[in-house]
Amino acid sequence: MMKLITIPTRDGMVDNHFGHCAYYTVVTLDEKNQTVKQERLDSPEGCGCKSNIASVMQDMGVTLMLAGNMGMGAYNKLSAHGIEVIRGCHGKTDDVLKAFLNGELKDSLESCDHHDCKNHEEKHLYFVPTSGK
């Protein structure tokens, strides 16, 4: 069974806020968690958390999002569409995907409590756990 994972992306990096990303990197994994395909899904204009992006992803078969951060409204909307969210990711999308596949990511359980995230990067600190290798 194939698995689809999406990552809010800006310039090849995990975007620190789901609702304002430039696009989504959609990764298709096979039964052995090997990448079969990687594609770009353009984000809707305006704020993604107020768009239909959750239903679009659900229709595509996306079951997991590796995200920087998002508000509870967006988190709940994605969850209602069957998309599990791991928040607190940071770095290159390929590195975040690798960390997930290695079992190194856990949901930060943090969410934005504000909608204006112009200075978002200054207000939240994200990291990708490393195995020390």
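Predicted model: local features only at pLDDT ≥ 70, side-chain atom pairs only at ≥ 80, totals over all residues.

Q: Okay, how many helices and strands does the protein have?

A: Four helices and six strands. These are DSSP runs numbered from the N terminus, with helices being H or I of at least four residues and strands E of at least two. The order from the N terminus is β-β-β-β-α-β-α-β-α-α.

Q: Which strands does strand 5 pair with?

A: Strand 5 pairs with strand 1 (residues 3-10) in the parallel sense, over three bridges. Strand 5 also pairs with strand 6 (residues 84-86), again parallel and over three bridges. Pairing here means that DSSP finds at least two bridges between two strands.

Q: Why is strand 5 called largely enclosed?

A: Because four of its five residues (62-66) are buried, strand 5 is largely enclosed by the rest of the structure. Buried is under 20% relative accessible area, exposed is over 50%, and partly exposed is in between (1.4 Å probe, protein chains only). Across the 133 residues of the protein, 45% count as buried.

Q: New topic: which residues of the largest nonpolar core touch the most other members?

A: F18, Y24, M57, M65, M70, L78 and V85, out of 18 residues in that core. Strand 3 (23-29), helix 1 (53-60), strand 5 and helix 2 each supply at least two of its residues. A nonpolar core is a set of buried Ala, Val, Leu, Ile, Met, Phe, Trp, Tyr and Cys residues joined through side-chain atoms within 4.5 Å.

Q: What does L78 touch?

A: Leaving out residues up to four places away in sequence, L78 touches F18, A54, M65, M70, I83 and V85. Contact means heavy atoms within 4.5 Å. Apart from this core lies another, of 14 residues, including L64, I86, V96 and L105.

Q: Now charges. How many salt bridges are there in the whole structure?

A: Four turn up in the search, counting a side-chain nitrogen of Lys or Arg within 4 Å of a carboxyl oxygen of Asp or Glu. One of them joins D15 and R10 (2.8 Å, N to O). D15 is buried at 9% relative accessibility, while R10 is partly exposed at 38%.

Q: What about R87, which residue does it meet?

A: R87 meets D107 in a salt bridge (2.9 Å, N to O). The two sit in distant parts of the chain, 20 residues apart: R87 in the loop between strand 6 and helix 3 (93-101), D107 in the loop between helix 3 and helix 4 (120-123).

Q: Is R87 buried or exposed?

A: R87 is buried, with a relative accessible area of 4%.

Note on methods:
Residues numbered from 1 in each chain as written. Heavy atoms only, no water.
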